[in-house]
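Please prepare a short briefing on the model shown below.

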Amino acid sequence: MSSSSRSRVLDLYKRLQYLGREYPGGPEKFRQKCYNAFKRQSGETDPEKIQRAINLGEYVVKEIQALYSLRKYRAMKKRYYDDK
C-alpha cells in the first residue's frame, strides 16, 4: 500500500470514528462495526480494490452526515410546526 493510500485510509477511519459518536445504535456498536470492517480489509494489497474500498467508505461518511442532517431537520420541524 502506498503512503498516500495509507494516509487516506487512516483519515477515513478517523472521520468514521468521529461521526460514530452520535450514531443511533450507540457509539460503541458503531466503533466495533467500523473496526471489524477495516480489519477485514487490512490484508488487501491490490491498489484498485483499496481505491474501491476508500470510495465506499467516503460514501458511508456522506450517508451518515445525511442521516444526522435529517435528524436535525426533523427535530427542528417538530419544534416549530404542529402536527394537526
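The notes below go through the chain by topic.

This is a predicted model, in which local features need pLDDT of at least 70 and side-chain atom pairs count only at pLDDT 80 or more, while totals for chains, interfaces and linings use all residues. Residues are numbered from 1 along each chain as its sequence is written, and side-chain values use heavy atoms, with hydrogens and water left out. The mean pLDDT of the chain (the predictor's confidence in each residue, from 0 to 100) is 91, and 98% of the residues reach 70 or more.

**Confidence by element**

- Helices here are DSSP runs of H or I with at least four residues, and strands are runs of E with at least two; both are numbered from the N terminus.
- Helix α2 (residues 27-40) has the highest mean pLDDT among the elements of the chain, at 94.
- Helix α3 (residues 47-80) has the lowest, at 92.

**Salt bridges**

- A salt bridge is taken as a side-chain nitrogen of Lys or Arg within 4 Å of a carboxyl oxygen of Asp or Glu.
- The count by this rule is five salt bridges.
- One of them pairs R15 with D11, with 3.4 Å between the closest N and O atoms.
- R15 and D11 are four residues apart in helix α1, so about one helical turn separates them.
- Both ends of this pair are partly exposed (between the limits for buried, under 20% relative accessible area, and exposed, over 50%, with a 1.4 Å probe and protein chains only): R15 has a relative accessibility of 32% and D11 one of 39%.
- Another salt bridge joins the side chains of R71 and E22, at 3.0 Å from N to O.
- E28 and R31 are three residues apart in helix α2, so they are separated by about one helical turn.
- R31 is partly exposed at 33% relative accessibility.

- Q17 belongs to helix α1 and is buried, with a relative accessible area of 17%.
- The side chains of Q17 and R31 are joined by a polar contact of 3.2 Å.
- A polar contact is a pair of N or O atoms within 3.5 Å; within protein, one must be able to donate a hydrogen and the other to accept it, and residues adjacent in sequence count only if both atoms are side-chain atoms.
- Not counting residues up to four places away in sequence, Q17 touches R31 and C34; contact means heavy atoms within 4.5 Å.
- S5 is also located in helix α1 and is buried, at 16% relative accessible area.
- The side chain of S5 makes a polar contact of 2.8 Å with that of S2.
- With neighbours within four places in sequence left aside, S5 is in contact with I50 and I54.

- Y23 sits in the loop between α1 (3-19) and α2 and is partly exposed, with a relative accessible area of 33%.
- Beyond its neighbours within four places in sequence, Y23 is in contact with F30, L67 and Y68.
- Y23 and L12 are 11 residues apart in sequence, with 16 Å between their C-alpha atoms.
- P27 lies in helix α2 and is partly exposed, at 36% relative accessible area.
- Leaving aside neighbours within four places in sequence, P27 is in contact with G20 and R21.
- P27 and R79 are 52 residues apart in sequence and 26 Å apart in space, C-alpha to C-alpha.

**Nonpolar surface patch**

- L70, Y73, M76, Y80 and Y81 make a nonpolar surface patch of about 600 Å².
- Patches are made of residues with over 30% relative accessible area and no salt bridge; like charges are joined within 9 Å and nonpolar side chains (Val, Leu, Ile, Met, Phe, Trp, Tyr) within 5 Å.
- Accessible areas come from the Shrake-Rupley method with a 1.4 Å probe, and for residues only the protein chains shown count as cover.
- M76 is in helix α3 and is partly exposed, with a relative accessible area of 44%.
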